[in-house]
Structures are given as C-alpha cells and as structure tokens.
Amino acid sequence: MRNSRAIASRLKHRARAVVTNGPVPWLFRYFMKGAVPVFMLHRFEDRALGVVGHSQELVRRHLGWLREHGFRFLSLADLVRELTESPDEIGRAVAITVDDGYAGFARFGQPILAEFDVPATVFLTTGFIDRTMWFWWDRIDFALKHNTRRRCDLTIAQLSMTLTWADEESRVRVRGNIVEHLKLLLEEDRLAALEQITSQSSVEVPHGAPPSYAPLSWDNVRSLAQKGITFGPHTVTHPILSRVSDAQSAMEIRESWRRLKDETTAAVPIFCYPNGREVDFTAREMDILKREGFTAAFTATAGYAEARDFSVVDSVSRYRVRRYPFPDRHEDLVQIASGIERAKDYVRNWNWR
C-alpha cells in the first residue's frame with residue numbers, strides 16, 4: 001500500500017511537471033480574465049542567524065520566470081485601482097506582499113526584488129516595529145530552543161499535556177503543533193499558555209526580540225520606501241481580531257494605521273488580517289475598515305484577487321481579498337500564475353448535476 005501511494009505521488013508530480021512546462025500553461029489564459037495572483041511571503045532564509053524562511057535562490061527563480069514570461073508586477077495600490085477601474089485591461093500580472101515586518105526583508109528580500117524591478121507591499125505590525133512586543137510564536141520558538149529538558153508541561157483550559165522532543169526536527173514539529181493549537185484559543189488563554197511555556201525555558205525569555213526574531217526599524221521602513229516599497233497596517237499587536245473585544249479590534253486597526261502614516265509617506269490604505277483565515281475576522285472588522293476609508297483588505301485564504309471583489313463600490317468583498325502563499329515548488333508557481341489553478345477552481349465549483 002505504501003509503495004503504491006509513493007508511485008502515485010511520483011506519477012502525479014511528473015504529470016504536473018509536464019503540464020507546467022512548455023506551451024501548455026498558456027492554453028489557460030482565458031481563465032485569468034479579471035484575476036490576479038497576489039503572493040504572500042513572510043521570512044527570508046538567514047543561515048547566519050539560523051532563520052528558516054524563503055530560499056533566496058527559489059525567490060530569484062520564481063521572479064525570473066515571471067519576468068521572462070511577460071508578467072507585470074503591480075503594487076497593491078495599482079492592483080486595487082486596475083481591478084476597480086479597468087479589469088478587462090489588466091492582462092498578465094502578479095503582486096507581491098510580505099507580512100509582519102521582520103528585519104530580514106531589508107537585508108535579503110528587498111535586494112532580490114530590486115534585481116527584478118519588483119514593487120511590494122509590506123504589512124507591518126506596528127507594535128513589533130516600535131519594539132514594544134515580539135510575536136508570541138517566536139517567543140515559544142525561543143523558549144523551546146532553550147529548554148534543555150526537551151519537555152514541556154502545559155495545562156490549557158483544564159486540558160493537561162506533556163510534549164517531548166528528541167532532536168531539532170521533532171522540536172520544530174512540537175513547536176508547530178503548539179502554535180496551531182494556541183491560534184484557536186482566546187487571547188487570555190493563549191497568553192497564559194505562553195507564560196507556562198516560557199517559564200520552563202532554561203534561560204530567561206528577553207523582553208525584546210533577539211536578532212534572529214528582530215523587526216525592521218522605522219528608519220528601515222523609510223529607507224525601503226525610497227526604493228519603491230509601500231506599507232500597509234497589520235494591527236498593533238497581531239491578535240486574531242475575531243477573538244478580541246469591539247474596543248480592541250477598533251484600536252488595533254485604527255492605531256496601526258495612524259502609527260504607519262506618522263512614520264512614512266509610503267503608507268497605503270490597504271489592511272491585512274493577522275492569521276488571515278475566514279474565521280479570524282468578522283463583519284465588524286470589515287465595517288471598521290470601510291468607515292476608515294480603506295480601499296481593500298487581504299486575507300491568507302488561497303485564491304486570486306478578482307475584479308468582482310471590486311465591482312461594487314460599497315461591496316464588502318474588497319475587504320476579504322484572497323492571496324496565495326509564495327510557492328515552495330516551481331510547478332505550483334506556474335499553475336497559479338498561468339491560470340491552471342483557476343481552471344481547476346472552475347471544475348471544482350461546477351455544478352455537475
């Protein structure tokens with residue numbers, strides 16, 4: 001059984017490679033009318049600091065392929081404008097976004113984008129840039145790295161568990177499981193769990209982010225703005241907005257936007273939801289964004305930015321625009337950019353009865 005699954009997987013991979021090479025992808029251009037893939041990146045690989053992230057070689061390969069095949073790279077502001085005003089003329093285009101605001105973007109990300117003359121919008125968590133906090137998932141990662149017992153005891157909402165790991169691979173897996181579980185909790189429960197985890201570290205978890213988890217500075221932001229990078233708000237403290245109070249939700253949106261505008265003229269009125277699943281924001285957040293004059297908001301739900309999201313001025317669809325994770329495989333990039341993935345969406349959603 002295991003061998004048959006492996007064979008099926010290899011055959012599927014080879015078939016995908018055949019389909020995504022040569023002229024085949026361009027047969028699907030029809031499906032891309034009024035649709036643009038927006039790719040989201042987060043961290044860039046930094047071997048010196050031990051940061052795992054997007055491979056610089058792979059990013060160059062992807063961007064080079066897109067340039068070679070005639071794609072236009074749009075800033076998010078231009079994307080929103082063209083999808084609103086002239087969707088039939090948008091042609092073959094993509095947009096690049098980067099979430100959170102890690103320092104590695106200035107060292108590695110922007111220089112690679114500049115090689116291919118690619119604009120990008122970075123969504124900043126302003127409390128992170130102000131260095132008043134660092135991300136809870138990074139604090140967990142730091143605490144587990146410095147837990148010499150290789151064991152963590154947790155009690156969350158009357159559920160007790162003991163997590164153990166033997167090596168770096170299993171530690172990364174434990175860390176991922178903890179993070180995914182904590183995402184589902186209310187803010188106060190997540191903070192209580194974080195306190196338990198950090199208290200078991202063999203060293204004190206610092207108040208400020210260590211170098212491998214560090215943010216951009218506002219000076220970095222202004223320097224990047226001079227190189228064509230734009231910035232959108234991503235809240236102050238990166239909470240899951242659907243799980244906080246009305247007052248905190250409004251504060252996170254408005255204060256991050258105010259702070260961003262205070263620090264750079266390259267701020268654009270386009271928001272990005274923390275975590276970004278459909279369950280992570282509600283009509284409440286979309287209503288705030290509409291009243292505050294934002295032109296769009298992006299999720300982390302896989303899919304294309306589409307003209308129909310912007311076809312009606314008062315529609316809330318513009319506040320739940322989809323993006324694709326930056327692909328780890330070249331075949332996936334080709335499928336998404338060329339329209340193969342959108343054709344598959346049509347097939348999946350077709351009423352076959």
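T230 lies in strand β8 (residues 230-233); helices (H or I, at least four residues) and strands (E, at least two) are DSSP runs, numbered from the N terminus. T230 is buried, with a relative accessible area of 19%, where buried means under 20% relative accessible area, exposed over 50%, and partly exposed in between (1.4 Å probe, protein chains only). Leaving out residues up to four places away in sequence, T230 touches A120, T121, V122, A266 and V268, contact meaning heavy atoms within 4.5 Å.

This is a predicted model, in which local features need pLDDT of at least 70 and side-chain atom pairs count only at pLDDT 80 or more, while totals for chains, interfaces and linings use all residues. Residues are numbered from 1 along each chain as its sequence is written, and side-chain values use heavy atoms, with hydrogens and water left out.

## The chain as a whole

The protein chain has 13 helices and 12 strands. Of its 353 residues, 51% count as buried. Among contacts between residues at least 6 apart in sequence, 71% join residues at least 24 apart.

Two packed helices are described by the angle between their axes and the distance between the axes. Helix α6 (residues 136-145) packs against helix α7 (residues 168-183) at an angle of about 145°, and their axes are 10 Å apart. Here axes are lines fitted to C-alpha atoms, for helices over the stretch in contact, and angles run from 0 to 180 degrees between N-to-C directions. The crossing of α6 past α7 is right-handed; a crossing is left-handed if the near helix is turned anticlockwise from the far one by less than a right angle, and right-handed if clockwise.

On the α6 side, the residues that meet α7 are W136, W137, D138, I140, D141, L144 and K145. Their partners in α7 are R171, V174, R175, I178, V179, L182 and K183. By class, this contact of α6 with α7 has 8 nonpolar, no polar and 6 charged residues. Ala, Val, Leu, Ile, Met, Phe, Trp, Tyr, Cys and Pro count as nonpolar, Asp, Glu, Lys and Arg as charged, and the others, Gly among them, as polar.

L194 lies in helix α8 and is buried, with a relative accessible area of 3%. Apart from neighbours within four places in sequence, L194 is in contact with W136, R139 and I140. From L194 to V179 there are 15 residues in sequence and 9.9 Å in space, C-alpha to C-alpha.

## Pockets and a cavity

Rolling a probe the size of a water molecule over the atoms shows where empty space is left. On a 1 Å grid over the protein atoms alone, a cavity is a set of points where a 1.4 Å probe fits but cannot get out, and a pocket is an open set with protein on both sides within 12 Å along at least five of seven lines; lining residues have an atom within 4 Å of a point. Grid points are joined across faces, edges and corners, and a volume is the space filled by probe spheres set on the points.

| Space | Volume | Residues nearest the centre |
|---|---|---|
| Largest pocket | about 1,200 Å³ | H42, R43, V52, W137 and R175 |
| Second largest pocket | about 270 Å³ | M133, W134, W136, R139 and L191 |
| Largest cavity | about 90 Å³ | R43, Y102, A103, G104 and R107 |

The largest pocket is lined by 41 residues. The elements giving two or more residues to this lining are β4 (93-100), α6 and α7. Helix α7 gives the most, with 8 residues. The lining of the largest pocket has 18 nonpolar, 9 polar and 14 charged residues.

The second largest pocket is lined by 14 residues. Both α6 and α8 (187-199) supply at least two residues of that lining, and α8 gives the most, with 3 residues. By class, the lining of the second largest pocket divides into 7 nonpolar, 3 polar and 4 charged residues.

A search of the whole structure finds 1 cavity of 30 Å³ or more. The lining of the largest cavity has 9 nonpolar, 2 polar and 3 charged residues.

D100 has a positive phi of about 95° although it is not a glycine. D100 lies in strand β4 and counts as buried, at 4% relative accessibility. R131 is not a glycine either, and its phi is positive, at about 65°. R131 is in the loop between α5 (126-129) and α6, and at 46% relative accessibility R131 counts as partly exposed.
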